[in-house]
Amino acid sequence: MRNFFRILTCSCLFAAMLFAGSRLQAQGKDIEKIKASALKVEMIESDEIKLPAEFQVALYENLIQQLERKGGLHVHRDGDRNAADVPDLVTFHSTVRGFKQGSEEKRQVTTVTGATSITIHCRFTDNQGNVLLEKDVNGKVRFFGDNLKATYDFAKKAAGVVSENFAATGGRS
């Protein structure tokens, strides 16, 4: 009889946790997205951490490509004069905070060592310079692929952040 009550109590607690967890997830999905008509992507800064030139270029180009593919907003490059006239423009600033260049050979021999990782602080501002969103995004390549695949991983995750948090207004330019 004692075991019956323990099992009953544990199952009730488990059911309550499942119910509460699903309600919290549903509430999290109701977060209102930030309205924007376009996104201007500034060059990625790496003042404190020196990146190889190929990483710097690959980061920016992969980011532009992924944002155009799944970001949901019209994308302007750094220096695009047309971006100045866009209402509700959001500017995407990014700064490299961490970088560890791994070894492709080590990854191929042992899948445990040789990982490449990059951490980039992403900051989104409006036309007045007010911060709308800040988030650190990591890019990694752990098992197979060249080191530049970490830049592609970062770009996919950053585009996901944009699509989760920003909604396009009607005024695309």
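## Confidence

In which elements of the chain is confidence lowest and highest? The model is a predicted one, and its confidence is lowest in helix α1 (residues 2–29), with a mean of 58. The highest value belongs to β2, at 93.

For the chain, the mean pLDDT is 81, and 73% of the residues reach 70 or more. Over residues 22–28, pLDDT stays under 50; for this stretch the model has zero contacts beyond four places in sequence.

## Strand pairing

Strand β4 (residues 89–100) pairs with strand β2 (residues 38–41) in the parallel sense, over four bridges. Here V90 of β4 stands opposite L39.

β4 also pairs with strand β5 (residues 116–125), in this case in the antiparallel sense and over nine bridges. H93 has R123 in β5 as its bridge partner.

## Helix packing

Two packed helices are described by the angle between their axes and the distance between those axes. For helix α2 (residues 53–70) and helix α4 (residues 149–165), the axes come within 8 Å and cross at roughly 40°. The crossing of α2 and α4 is right-handed.

On the α2 side, the residues making the contact include F55, A58, L59 and L63; among those on the α4 side are Y152, F154, A155 and V162. By class, the residues of the contact between α2 and α4 divide into 11 nonpolar, five polar and three charged.

Key. Residues are numbered from 1 along each chain as its sequence is written. This is a predicted model: local features need pLDDT of at least 70, side-chain atom pairs count only at pLDDT 80 or more; totals for chains, interfaces and linings use all residues. Side-chain values use heavy atoms; hydrogens and water are left out. Axes are lines fitted to C-alpha atoms, for helices over the stretch in contact, and angles run from 0 to 180 degrees between N-to-C directions. Helices (H or I, at least four residues) and strands (E, at least two) are DSSP runs, numbered from the N terminus. A crossing is left-handed if the near helix is turned anticlockwise from the far one by less than a right angle, and right-handed if clockwise. Contact means heavy atoms within 4.5 Å. Ala, Val, Leu, Ile, Met, Phe, Trp, Tyr, Cys and Pro count as nonpolar, Asp, Glu, Lys and Arg as charged, and the others, Gly among them, as polar. Two strands pair if DSSP finds at least two bridges between them. pLDDT is the predictor's confidence in each residue, from 0 to 100.
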